[in-house]
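Thanks, everyone. Let me take you through one chain and then one residue in it. Please have the sequence and structure open.

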Amino acid sequence: MRGFLYLIKRDLILAYRRRGEFSNSLVFFGLVVLLFPIGIGASEKLLSEVAPGLIWIAALLATMLSLDNLFKEDFQDGTLEQWALSKHSLVSFAWARLFSHWVITALPLIVVAPLFAVSLSLPADAIWVLVLSLLLGTPLLIFIGGIGVALTTGLKKSSLLLPLLVLPFYIPVLIFGASAVEVTAAGWSASGQLYVLGALFVLGISLAPFAVAAALKVSVSQ
Amino acid sequence: MNIIAKWYYRLGAPNWFYPLAGKLIPWVALIFLALLLPGLYLGLVSAPADYQQGESFRIMYVHVPAAWLSMFVYAAMAVAAVVALVWRVRMAEIMIISSAPIGASFAFIALVTGSLWGKPMWGAWWVWDARLTSELILFFIYLGIFALYNAIEDKQTAGKAMSILTLVGVINLPIIHYSVVWWNTLHQAATVSKFDTPSIHIDMLIPLLLMAAAFQFLYLLLLLMKMRANLLEQDLASGWVKKVVFERNKKLGRR
């Protein structure tokens, strides 16, 4: 437990000292959202209709692209190997690393998401559901994505492999996340979608670290 | 040594598996043809035309078995993944990597024939419906497994990584399936698996089951061939491959 907390603290301090690097995914998120009004036209009605899916896809892509350096540094400088050799379990290492990554990259994104939602003229009550669905969904994206990253860590060129591995597994999160917002914007209750998202959240954050740890063990042993 | 342990060691030994598979291949091919030919005849010629869909329903005899097999192959790969991870059987890894392209092909056939069937029936080549979408995702998962294995150079590591991914996919497949079902739906409901009152005519059902069994043996046939090829490729430098090549050359009268 002490090692676990120490790890989270270390990651947060590291991230704080290199703020520029981690704001990249936030900027990317903003840029993707910006592309849509330019690409499909700036009509208010059209934008408010596609806004839920649009923001969710932008968040998904930003999260996925931020994953690349999830384990890379720890792998290259030997931290991962030391952790694997130590008495601490790799599962808790994986959990701490994924959690701090969520705090660093996804949390800022959730904070600014309402701004973008307003700019796309999403109805006000749907914005709260958007924030809630992102709170439940982005950890899932990172925990599932972590499996893909752990499998490809140690590969020299893996730039296009990661999306290929991870995106099919992102689909349920996208479906329920976007549809929760969409349904609220249409004036219905989104509790069904949010419950499913919550169930997936619990499933993901409790099971994925085991797969991540197993994959890291394979990557370390080579 | 008890019989299970004996099989365990033997199945792990390529020099035992390779000739055995070679002996099995013609028999499996024979059974495949014996099921395929009557299946095709009964399905394409003698089965009555559908009262709603006319003759075009006959594409079902390729479409449905391919779709079933695309899922069956994944299930088989998942079992092999457990075997590979728990008991470290290398042959199970070979089986997974040999199955992935076959499963992807079956999924691809199911998608293409479904699209050909969909155009006259629904008036559209492609609809974002639950079954189609989840089949497409399954296709991509197959490609991912295949790509991961080929991206990792050390085949021992590649085999383990691929087994983990295959298992993760198993947890996700039902989630993906039900998520797209709830997302939206148009595809016709199951007609064969309802056993109490099968809503499919018996003359149509028999060829379908024959074709399904034929596809099952087609998978086995392709799997054995692919596993042999993969084993030869990976063990190129080992003694048993040299022996195989030597014996083959002797049989062909070469030196």
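**Chain B, from fold to one glutamate**

Chain B has 8 helices and 0 strands. Read from the N terminus, the order is α-α-α-α-α-α-α-α. Keep in mind that this is a predicted model.

Now the chain as a whole. It has 255 residues, and 44% of them are buried. Take the contacts between residues at least 6 apart in sequence: 78% of these join residues at least 24 apart.

Next, the annotation. An unreviewed UniProt entry lists "transmembrane region" at residues 24-46, 66-87, 94-116, 136-152, 164-184 and 204-224 of chain B. How much helix is there in two of these spans? Residues 136-152 are 94% helix and 0% strand, with 25 Å between the end C-alpha atoms. Residues 204-224 are 100% helix and 0% strand, and there the end C-alpha atoms lie 31 Å apart.

Now the single residue. B:Glu93 sits in helix 4 of chain B, which covers residues 90-122. Is B:Glu93 buried or exposed? Buried, and without a salt bridge. Which side chain of opposite charge is nearest to B:Glu93? That is B:Arg90, 6.0 Å away. A salt bridge would need the nitrogen and carboxyl oxygen within 4 Å.

So what does B:Glu93 touch, beyond its neighbours within four places in sequence? The contacts are B:Ala84, B:Gly159, B:Lys160, B:Met162 and B:Ser163.

To recap: B:Glu93 is a buried residue with no salt bridge, in a chain of 8 helices.

Technical notes:
Residues numbered from 1 in each chain as written. Chains lettered and ligands numbered in written order. Predicted model: local features only at pLDDT ≥ 70, side-chain atom pairs only at ≥ 80, totals over all residues. Heavy atoms only, no water. Helix = DSSP H or I, 4+ residues; strand = E, 2+ residues; numbered from the N terminus. Buried < 20%, exposed > 50% of the residue type's maximum accessible area, 1.4 Å probe, protein only. Lys, Arg positive; Asp, Glu negative; His and termini not counted. Contact = heavy atoms within 4.5 Å. UniProt positions renumbered as here; feature names shortened; annotations may be inferred.
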